[in-house]
Amino acid sequence: MSGKPNADSLKDVEVVREPAGPASADEKKIVPAREVLPSQLPIVPVNNRPVFPKMTVPIVIDDDNLKKLLADAVKDQNKFVGLLLKKETKDSEKPEAASPANLYSVGVAAEILQMAQAGPGGPIQVLLGVMERIKVVCFIRDAPYLVAKVKCLYETEMAANAELKAYSISVIQSIKELVKLDPLHKAELGIFLSHSNLSDPGRLADFAAALTTAGAKDLQDVLETLSIRARLAKVLVLLHKEIDVSKIQMQINKQIEEKLSRQQREFFLREQLKAIKKELGLAKEDRETEVERFQKRIEKLALTDEARERIAEELDKLKLLEPSSPEFNVTRNYLDWLTVLPWGVFTKDSYDIAKAARILDHDHYGLADVKERILEFLSVGIMKGNIAGSILCFVGPPGVGKTSVGQSIARSVGRNFFRFSLGGIRDEAEIKGHRRTYIGALPGKFIQTMKVCRSANPVIMLDEIDKINASYQGDPASALLEVLDPEQNKDFLDHYFDVRFDLSNVLFICTANTLDTIPRPLLDRMEVIKLPGYIQQEKTQIARRHLIPKQLKAHGLSREQFNITPRALREMIDGYAREPGVRGLENHLKKIMRRSVKQIVQKKTRASRVDVKDLEALLGRRIFTEDVYAGKRVPGVVMGLAWTTLGGDTLYVEATSVRADKPGFKQTGQLGGVMVESAEIAYTYVRSLLEGDAKAREFFEKRLIHLHVPAGATPKDGPSAGITMAVALYSLALGIPARGNMAMTGELTLTGQVMPIGGVKEKTIAAKRAGVARLIFPDANCGDFEEVPARIKKGLTLHFVKTFPEAAAICFPEPARDPASKGPRGVLRRPLRTRV
């Protein structure tokens with residue numbers, strides 16, 4: 001490398017250095033040869049902070065190119081390098097490689113004093129003795145490492161004067177103040193004083209700058225300042241900023257220490273107080289307190305022998321455990337559950353049947369048959385002296401009052417009431433609890449319920465029992481078999497509890513929307529009471545007696561401020577709330593009352609009166625439109641009756657035909673497999689029935705028959721539409737419309753027999769709600785019709801048929817072509833079972 005001095009030739013030579021500017025001969029300085037720097041230096045980039053002259057600094061080199069730089073320097077006996085600060089980049093996460101563009105031009109020259117490598121290929125630790133400031137003239141190499149042509153920047157020699165002395169004293173005082181605030185700087189100050197003195201203002205300024213935590217730009221600015229006076233002024237500013245930061249830091253530390261010392265002091269005082277109370281006998285250990293608490297609970301309970309033995313074992317274990325032990329908390333929690341349950345604690349039952357009837361009548365309108373079944377059940381309990389042993393199950397569509405009936409039963413017998421929903425439960429542990437080996441284990445829902453009710457004979461309502469799901473975690477429905485069996489629940493064993501608890505005195509009431517999804521073994525343990533739904537007259541009375549007063553109170557209205565006319569209420573029920581329950585009706589009443597409250601609050605009116613003409617503006621378009629076939633009789637169109645999980649409903653079966661080269665039969669309307677088979681049976685039977693009629697036979701042979709059940713977006717299935725489809729096809733083939741204002745249901749066989757169906761009560765209510773006057777049912781369902789309340793049967797004409805020809809005789813009373821005259825099959829004219 002050109003311009004590089006020979007270290008051996010300069011080893012013992014003294015060189016005369018001329019000061020900057022004119023000077024006399026006696027001002028020449030003698031400097032050691034090793035301080036004569038070469039004009040070209042390899043460059044080592046430094047990060048974060050610049051390095052100041054006259055200091056010894058250690059650095060770690062991990063870059064391979066810089067390792068080669070150090071190796072070359074040692075090899076050539078040139079132990080001088082230049083240290084330049086890298087400029088800050090915007091993306092600090094991706095630092096750029098050192099280049100002439102991202103390095104400051106002013107840095108320092110340093111001599112390699114010591115060098116050591118931590119193993120082959122490891123980083124190199126270098127101890128550098130920093131010498132003078134340098135400035136890069138130009139870079140003459142950039143690979144494999146940077147080499148630059150430099151010139152030394154010597155400080156301007158300044159004669160001592162008062163201003164410079166004042167600056168120096170200010171810097172010294174600031175350093176002293178900083179050392180008081182942060183004692184860590186005391187060691188650095190001691191090292192500095194051991195190698196220099198405070199009389200050199202230039203070195204004092206460099207040391208003071210290095211002492212601060214200022215930013216890289218501020219420190220680089222100090223490094224580039226050659227004037228000692230200007231450098232001292234800038235350093236003073238940095239020192240004052242550092243002092244301010246140290247004061248704030250000291251204040252924060254003081255606050256934290258005060259808080260910690262206060263907490264520690266309180267802790268020690270509490271421990272001392274605890275020890276003093278223990279010596280004086282004024283206080284006991286946590287373990288003794290817990291044991292006494294559990295023993296006091298036991299004195300008030302009528303424990304079984306098994307429970308008493310288990311509690312005694314756990315108390316003995318608790319006495320031997322240290323409160324700090326994890327097992328202590330587990331045992332304490334278990335004992336807490338064992339002693340908090342109502343062992344032998346019962347509420348006194350009310351055996352007043354008249355009171356029970358009054359409560360049921362007050363809380364619910366209608367449901368006479370349901371109330372009668374409940375009163376019969378309570379009467380048996382009164383006769384036995386214990387209302388337990390049976391499990392009631394209320395089945396019906398949403399909003400018919402299943403939950404509220406259960407609450408009324410609890411009120412009538414004077415027992416505590418607790419309800420929890422089984423809908424969506426997938427884990428068996430929800431019923432029978434978790435085993436105590438698990439962290440966070442808890443008893444099952446029934447043991448938790450007994451704790452909340454604080455009596456061993458509450459009324460527990462299991463809501464939505466038809467919506468339990470099985471999963472890989474177990475089958476909750478199977479776990480309920482033990483709970484709901486009067487022969488087994490007297491020894492109910494919870495996994496967490498691990499002690500038998502008697503649930504036989506509990507009155508269980510279940511609710512469900514349908515029985516189809518309840519497992520048969522579970523259903524056999526229940527006494528099913530069906531709540532089919534309400535007709536319009538009943539809904540009107542329920543709204544007047546219960547819903548409107550309840551919502552008036554909820555909305556802060558008085559009867560003078562809100563009024564809905566009877567005609568508007570009936571129209572709301574018929575056009576907006578035809579569902580079997582009253583939940584939809586209640587929601588519509590809420591909507592109307594909210595709008596009325598808004599008008600009253602805005603002072604647009606003092607009172608609100610709702611009439612029929614106001615409903616569309618308040619509730620929107622009518623949801624349930626008028627019957628499209630009302631007052632019309634169309635061949636091939638017949639009304640049927642259906643059962644759904646939401647109650648009964650009416651639907652039409654439509655049949656039409658088109659001329660085709662190839663005869664056939666198709667069905668539409670999202671029909672299920674069973675319903676498709678019913679349609680095919682009806683088609684085959686009607687064709688065989690009319691086989692003797694030449695005109696009808698020609699009709700089937702030359703036309704494609706299409707049967708459709710409207711509301712195509714709703715899936716439909718079931719066998720009860722058999723005679724409805726057959727009557728529709730029979731009407732289409734003969735070209736005669738069926739009797740108007742009539743509906744029917746029944747399963748049809750291939751020989752024309754009408755089989756019994758289910759949901760008679762729900763279907764009758766649906767027909768009554770739709771205003772149908774004449775119904776056809778299978779003869780085998782005559783007994784089921786006896787269960788339908790008289791208020792629903794009023795005004796209905798019922799026909800019970802055994803065969804399809806009997807149904808056809810009712811549907812087509814007008815004189816018509818009689819296929820019986822041309823063959824053995826035809827419409828039979830015999831007396832029918834009819835009720836009015």
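Tutor: One term before we start: buried means under 20% relative accessible area, exposed over 50% and partly exposed in between, with a 1.4 Å probe and protein chains only. This is a predicted model, where local features need pLDDT of at least 70, side-chain atom pairs count only at pLDDT 80 or more, and totals for chains, interfaces and linings use all residues. Residues are numbered from 1 along each chain as its sequence is written, and side-chain values use heavy atoms, with hydrogens and water left out.

Student: OK, is Phe812 buried or exposed?
Tutor: Phe812 counts as buried, at 6% relative accessibility.

Student: And how many aromatic pairs are there?
Tutor: The structure holds 17. Rings of Phe, Tyr and Trp (its six-membered ring) pair if their centres lie within 6.5 Å; planes under 30 degrees apart are stacked, over 60 edge-to-face, the rest tilted. Tyr685 and Phe804 are edge-to-face, because their planes are at 80 degrees, with the centres 5.5 Å apart.

Student: Where do those two sit in the chain?
Tutor: Tyr685 is in helix 21 (residues 673–689) and Phe804 in helix 27 (residues 804–811), 119 residues apart. Helices here are DSSP runs of H or I, at least four residues, and strands are E runs of at least two, numbered from the N terminus. Phe804 is buried, at 0% relative accessible area.

Student: Switching topic, which ring does Arg436 lie over?
Tutor: Tyr334, at 3.7 Å from the ring centre. The rule is NZ of Lys or CZ of Arg within 6 Å of the ring centre and within 35 degrees of the ring normal.
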